[in-house]
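Thanks for coming. I have one structure to go through, so please bring it up on your screens.

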There are 2 protein chains.
Amino acid sequence: MQQQQEQRQSENTQQRVQTTSKNKLGVVSKALTKPKRVNVLDRWLLRRMSALVGHPPFIASLWDGVEYMHQTELPAVAHVKFKDRGAMYWFLIDPELHFGDLYSTGRLEVEGDLLKFLEVAYKSLAVSLADNMFSKMVKTWVNRRPKANSLHASRHNIHHHYDLSNKFYELWLDKAATQYTCAYFPDPNMSLEEAQIAKLHHVCRKLQLKPGDSVVEAGCGWGGLSRFMAKNYGVTVKAYNISHEQIVYARSRALQEGLSDKVEYIEDDYRNIQGEYDVFVSVGMLEHIGNRGYSALGEVVDRCLKPDGRGLVHSIGRNFPGPMNAWIEKRIFPGAYPPSIKEMMDIFEPFNFSVQDVENLRLHYSRTLEHWRQRFEDNLDIIREDFDETFIRAWRLYLVGSLAAFNNSDLQLFQIVFTRATHNELPWSRAHLYSPAD
Amino acid sequence: MQQQQEQRQSENTQQRVQTTSKNKLGVVSKALTKPKRVNVLDRWLLRRMSALVGHPPFIASLWDGVEYMHQTELPAVAHVKFKDRGAMYWFLIDPELHFGDLYSTGRLEVEGDLLKFLEVAYKSLAVSLADNMFSKMVKTWVNRRPKANSLHASRHNIHHHYDLSNKFYELWLDKAATQYTCAYFPDPNMSLEEAQIAKLHHVCRKLQLKPGDSVVEAGCGWGGLSRFMAKNYGVTVKAYNISHEQIVYARSRALQEGLSDKVEYIEDDYRNIQGEYDVFVSVGMLEHIGNRGYSALGEVVDRCLKPDGRGLVHSIGRNFPGPMNAWIEKRIFPGAYPPSIKEMMDIFEPFNFSVQDVENLRLHYSRTLEHWRQRFEDNLDIIREDFDETFIRAWRLYLVGSLAAFNNSDLQLFQIVFTRATHNELPWSRAHLYSPAD
């Protein structure tokens, strides 16, 4: 059944990539021409390529069927097929960056379990890069380039991803609150809807919301959290976002649900937040502001949080500083950077905030991505009405690649609760987060 | 009643400081001579002194009764009496460092509530130092000097504090497990004994101990945690400490309790830890290793933790990098440094450890110190059998000053749980920390 589906997808790819076009992600689909015969150099490069990525247990083959696999006791996890010479050359130049484009356009095919393939590939590549001094230097240099997203660049980057189409996201996100961030699975068998609601409660409880509190939200997505807070915890919310499509959607939902007097959606950058609030919350925005923007965020919080205020930042992160996967940063999330805890502390330490609680929800993101991936594949027929096969293959790679990264611990998910230093009305334990649901 | 007690203490002080001697903390008690008459310069300096420390609402008076208080609407919190000209001069040179010695030797007296006085003084001094560019530069410079404690210096520093006398510590620490670290009060009305047992369970649950696990403990104090783990969780422990007195005590207790086959106490530096373990734990040692020793600690953990191992570090910390109170660092805890979370990350990030959980227990340390302080004062008669009044006043200042620092949020208490990056057998929530006691 799955094999049939994959074969159908593969046929579709063949059809689609016969045109030259630039799709919504900016990937150029080149017309395929009949590739030239494999020569001695090609064969030599095939072996070099295996060494470059750390000799993972993959069969690699060229356009005329020539195969290579490095001698290993491990069985082959996958079969990687290069469809033309250019594909191999591009891959050799920068595997991390170009693999994504080559896969999206079908110039490179992976047979076997894509998730297992990516998990093994990321691990192998990490070891290989660590051993390769030149690659290491490049990585370090890339990493040290501090990233800051200007107001204009932020708008452009966010438009690229979040203004794709609300309909598209609704097809594979949860139906409960349209959350495009990590869900919380205290029971791993929960449905995606249950887990997203559990996440929203977990966030609200960590923030100790009480009726009448004023909340400001930085980066509100489709507004699910702010409506949930207003409805279930009796608070008022001002929610900021620079994605026009999302703000329009959020306002319309608030109107439908009779929450327009409780929740105000503001189409503006978080740096322009005005007013004073009992609570600051930001779920899934930090990843987009770049590692030079943290103290600016700290300044905003310092300006807008009342003396007894509470705050929460929820973000994808890393165990140590390092850049986002190059292809994801180029095609999926321009300007994105997942920080380490050390880097995140630049939000809090310069302003004498007290970090009260940090929770790492890494495997909850794996679970979330499994659900998203399944729903994405289940809805391909509808997605194809609006998007071409290159887009679909890119998105598949992004979802499965992210799942592999969380499984492998290349990415983490940190929820950080903080208060002003002198706020002494703290709960005596975190037990209130684990009492039966209200 | 309390007043009588204070008066008696004051009289005792007068008697004791009439001798010149160097006590266990290295504080020189100088014989008091009849101070010279207050002159115009003294009066001018009295006013300057108030400005230097940020004009707190204190009455300050000189040796002949001349008083000064900066005009303020606040009522006076305390009355600070300088007993001789030298006391005032030493104070002016470095209030933070010399206040402690002057108070200990009775050359400076505080009338009123010592805790309130210190809370207000620390706040006022912090604001004043922030406004004073010179002081700020000095502070910054002091702060930037990285501290590393060599094996020899560590032994000397730890001997200074922990080898004072087991009998002394037993007088005011809990009777349950002789814990000289922050207790855990999920119910603030718990006794000290209950709260220390709650802390030990909290640590063991965070580490997910299971029977048969091997544990290594870095800096084990009097061995309370390791015996508790062996007895209640069926694990074996190797516990390292460089305090000879503590190791002797710990071994004798393990023998009494029939735990010698489960717990091995090793008189050695944590840097010499050998072997591989399921669990690494360190409660209250990090404060003593200095802010240049964290990556060395990370190396030790990386060397000794099994692939599916768990670790916990419990330490006094700060909201932002800064030195320990100068007097405490000189007289009470030589070589001590409370790190910020950002600094603590140097243990974990270079070795790709995943931080799973950070909990800030600041107000639990306030509560712990309230208990210690009360027991210390209740046992003064016994303490006086072995220690002079200068030591007692120094220790009182240290306990009350620490309480003020935790109340004011100048100090925090961080518990950090971590694992190796690829350890995927993680609990799906932290609810297991909050289930009813076993």
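Helix H17 of chain B covers residues 389-407, 19 residues, and at 1.5 Å a residue it should span 27 Å; its end C-alpha atoms are 27 Å apart, so the two agree. The expected span is 1.5 Å times one less than the number of residues. Helices here are DSSP runs of H or I with at least four residues, strands are runs of E with at least two, and both are numbered from the N terminus.

This is a predicted model: local features need pLDDT of at least 70 and side-chain atom pairs pLDDT 80 or more, while totals for chains, interfaces and linings use all residues. Residues are numbered from 1 along each chain as its sequence is written, and chains are lettered from A and ligands numbered from 1 in the order written.

Back to H17(B): 18 of its 19 residues are buried, meaning 20 or more other C-beta atoms within 10 Å of their own, against 12 or fewer for exposed and in between for partly exposed, with C-beta atoms placed from the backbone. Just after H17(B), Ser409(B) has a positive phi of about 75°.

Next, a loop. Gly322(B) sits between strand S11 (305-317) and helix H13 (326-332) of chain B. Ser340(B) is 18 residues from Gly322(B) in sequence and 8.2 Å away, C-alpha to C-alpha.

As for chain A, it has 17 helices and 13 strands, and 48% of its 438 residues count as buried.
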